[in-house]
Amino acid sequence: MSDNVSPATSPSSLEAWLAHCERLHSAAIDMGLERVGAVWSRAGVTLGTPVGADEPVDGAPVVFTVAGTNGKGSTCAMLEGILLAGGFKVGVYGSPHLVKFEERCRINGELVTAAQLLPQFEAIERARGDTPLTYFEFTTLAIMRLLATSGLDAVILEVGLGGRLDAVNVVDADCAIITSIDLDHMDFLGPDRESIGREKAGIMRAGRAAVVSDPQAPQSVVDHATSLGADLWLFGRDHNYAGDRQQWSWGGRNKRFNGMAYPALRGANQLLNASGVLAALEAMRNRLPVSAQAVRTGLATVELPGRFQIIPGQPTLILDVAHNPHAAATLAVNLDQMGFYPRTHAVWGAMADKDAAGMIEKLRPLVDAWYCCDLPTARASSAAQLKSSLEEYMAAHPSATAPKASVSTHADPMAALKAALAAADPTDRIVVFGSFYTVGGVLHEGLPKLNAPHLQSSSD
């Protein structure tokens with residue numbers, strides 16, 4: 001049965017449109033491009049230059065598509081920051097959001113508004129006809145239609161899941177970027193890195209640049225690029241970096257940047273992401289020439305909430321959307337490099353399909369108290385299930401070096417954070433991680449430091 005809306009009953013608010021999108025398909029994820037491609041072809045716009053065109057379409061933006069297990073959001077933000085510093089008009093699409101839907105799209109550095117989105121939802125609904133679309137597919141097409149009609153020089157599209165069958169792959173990328181490749185979403189993408197790499201390599205296009213920032217690219221990625229005839233930029237071969245405590249340098253095929261300040265995004269993994277960004281910019285230099293100053297400014301000023309975001313105060317608060325073992329391992333390295341804190345408190349909420357034991361394994365040596373929380377989605381593990389996972393793991397893996405940790409359960413991320421704040425000493429630290437929902441749950445009223453009890457007596 002169709003769930004079309006007529007002009008007379010068309011939703012009048014973004015919230016109503018999003019509720020409509022939730023009802024259109026029985027599954028949250030339905031991999032495949034046939035339905036999405038059909039609707040996009042009827043949507044009345046083009047984005048970028050189709051493969052096979054002799055020259056870029058006049059006025060078409062350069063399209064970057066970014067896939068990977070972790071590091072996609074950071075890569076998109078750094079690429080955006082450098083291009084904006086270079087004076088280009090830039091649009092970015094990414095998902096999921098932390099607090100509000102409009103976070104999924106930025107145009108020229110500003111979040112889009114509901115007023116900008118509503119006509120796009122209406123246009124996709126008209127183009128949809130009786131074709132069922134998932135929430136993700138519908139909203140992706142609506143945002144891509146906005147980007148296609150905004151007169152931009154560059155468009156950056158973050159892949160939601162995989163690559164080959166993700167909705168953004170209806171658009172031909174001028175430059176594909178693949179960040180890290182690790183084990184996540186195996187039910188959809190396959191059981192190992194080779195299978196997952198093959199899915200992510202699906203965003204590559206014949207004769208066009210394909211940048212890989214994973215230092216150990218699966219052979220499947222290399223083989224797919226070769227069979228397509230893509231212009232493959234491999235980390236360690238076509239781009240690389242070196243750094244000391246003060247600064248870092250980068251080298252590509254024909255360009256070098258020396259003596260750069262570290263990116264504003266914190267963490268050991270960000271130089272890998274930045275290296276891929278600079279390789280992509282070198283690959284597209286003829287259409288998007290950026291100066292060394294734009295590179296330095298863009299990297300120095302980039303912001304992205306929830307990526308090893310440190311909020312100063314007493315105790316220190318760290319927000320990180322790490323939601324799989326690979327990201328948890330990076331988070332553990334970053335926490336370890338922060339210096340000494342008497343105790344570390346972890347607020348943890350996670351999806352049920354994630355490898356909870358894998359995340360626990362990476363962070364257990366650092367955490368003294370766990371505050372497990374429920375999340376507002378049926379896809380999440382309950383706080384009680386996370387507590388069980390912790391207790392089972394600690395019982396099965398006794399350790400003389402890991403702290404003897406306490407474990408508690410809480411109704412939501414904010415309740416867990418308040419419990420951690422009540423227990424923490426001023427010199428401790430609290431890390432909030434495990435999901436976009438977990439970090440979003442403590443950000444929905446603004447940065448927690450604005451209301452945290454430990455800061456009420458001090459001025460900001």
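**Close-up views of a predicted model**

**View 1. Strands β9 and β10, side by side.** Strand β9 and its neighbour β10, which covers residues 248-251, are joined by four bridges in an antiparallel pairing. Everything shown here and in the later views belongs to a predicted model. For a landmark within this pair, look for Y241, which stands opposite W250 in β10.

**View 2. The three-stranded sheet around that pair.** Let us step back to see the sheet these strands belong to. Three strands make up an open sheet in the order β9-β10-β11, and their pairing is antiparallel. At the edges stand β9 (240-243) and β11 (256-260); each has a single partner strand, so one side of each is left without a neighbour in the sheet. On average, and with direction ignored, neighbouring strands of this sheet are turned by 10° against each other.

**View 3. Two helices packed on the three-stranded sheet.** Helix α9, made of residues 270-283, packs on the sheet and touches β9, β10 and β11. The direction of α9 makes about 40° with that of β10. Helix α10 (residues 292-301) also packs on the sheet, where α10 touches β10 and β11. Between the directions of α10 and β11 the angle is about 50°.

**View 4. An eight-stranded sheet with mixed pairing.** Here is another open sheet, built from eight strands in the order β4-β3-β2-β5-β1-β6-β7-β8, and the pairing is mixed. The edge positions belong to β4 (110-111) and β8 (231-234); because each has a single partner strand, one side of each is left without a neighbour in the sheet. Further in, you can follow β1 (residues 62-67) alongside β6 (residues 175-178), two strands that pair in the parallel sense over four bridges.

View 5. Helix α5 spans residues 135-148 and lies across β2 (90-93), β3 (105-107) and β5 (154-158). Relative to β2, helix α5 runs at about 180°.

**View 6. Where helices α1 and α5 meet.** Helix α5 also has a helical neighbour: the axis of α1 (residues 14-23) comes within 7 Å of the axis of α5, and the two cross at roughly 135°. The two helices are therefore oblique to each other. From α1, the residues W17, L18, C21 and E22 meet Y135, F138 and T139 of α5. Sorted by class, this contact has five nonpolar residues, one polar and one charged.

**View 7. A396 in helix α13.** Residue A396 is found in helix α13, which covers residues 383-396. Is A396 buried or exposed? Its relative accessibility is 56%, so A396 counts as exposed.

**View 8. The whole protein, for orientation.** The protein has 15 helices and 17 strands in its secondary structure. Its radius of gyration is 22 Å, close to the 23 Å that the globule rule gives for 460 residues, so the protein is as compact as a globular protein of that length. Along the principal axes, the C-alpha trace spans about 65 × 60 × 45 Å. Of the 460 residues, 55% are buried. Taking contacts between residues at least 6 apart in sequence, 72% join residues at least 24 apart.

Technical notes:
Residues numbered from 1 in each chain as written. Predicted model: local features only at pLDDT ≥ 70, side-chain atom pairs only at ≥ 80, totals over all residues. Heavy atoms only, no water. Pairing = 2+ DSSP bridges. Contact = heavy atoms within 4.5 Å. Axes fitted to C-alpha atoms, helices over the stretch in contact; angles between N-to-C directions. Parallel < 35°, antiparallel > 145°, perpendicular 65-115°, else oblique. Nonpolar A, V, L, I, M, F, W, Y, C, P; charged D, E, K, R; others polar. Rg over C-alpha atoms; globule rule 2.2 N^0.38 Å. Buried < 20%, exposed > 50% of the residue type's maximum accessible area, 1.4 Å probe, protein only.
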